[in-house]
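Please look over the sequence and the model first, and then read on.

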Amino acid sequence: MTTQHTPGPWHTTRDGFSTVYVEARIGGGWIQEVAACGPTEKGSDQQEANARLISAAPELLEAIKPFAAMLADHHKDVPDYQQIFGINRNSFSVGDLRRAVSAIAKATGSQP
């Protein structure tokens, strides 16, 4: 499966009071805006949390693939995980778990 989204890592940048941007560096160091998180009814903390969650999306996607492949192996009604996820079920490792914890920490703003 070919990735069609802008490759990670993505990061957040606040622009004044009104917007937190989610950005990615692309070829040649150019910065591409991936998303813009405007003001929310619960204020800047919620706005920052939204941006963190979006910015962690590429890492979260990659982190969940080995776990999904491992679980799919136990359910015969799930389509071919190797084709869907692009990984082998035997590729799961402790490093995968560490990447998952790190991605969740980035998304939630907590320490792993």
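## Confidence

In this predicted model, confidence within the chain is highest in helix H1 (residues 44-55), at a mean pLDDT of 94, and lowest in helix H3 (residues 81-85), at 61; pLDDT is the predictor's confidence in each residue, from 0 to 100. The chain averages 81, and 77% of the residues score at least 70.

Local features need a pLDDT of at least 70 and side-chain atom pairs count only at 80 or more, whereas totals for chains, interfaces and linings use all residues. Residues are numbered from 1 along each chain as its sequence is written, and side-chain values use heavy atoms, leaving out hydrogens and water.

## The hairpin

Strands S1 (residues 10-15) and S2 (residues 19-26) pair in the antiparallel sense over six bridges, where pairing requires at least two DSSP bridges and strands are DSSP runs of E with at least two residues, helices runs of H or I with at least four, numbered from the N terminus. Three residues lie between S1 and S2 in this hairpin, and glycine 16 in the turn has a positive phi of about 65°. Histidine 11 stands opposite glutamate 23 in S2.

## The nonpolar core

Trp10, Val20, Val22, Ala24, Ala35, Cys37 and Ala51 make up the largest nonpolar core, a set of buried (under 20% relative accessible area, 1.4 Å probe, protein chains only) Ala, Val, Leu, Ile, Met, Phe, Trp, Tyr and Cys residues joined through side-chain atoms within 4.5 Å. S2 gives the most to this core, with three residues.

Conventions: Buried means under 20% relative accessible area, exposed over 50%, partly exposed in between (1.4 Å probe, protein chains only).
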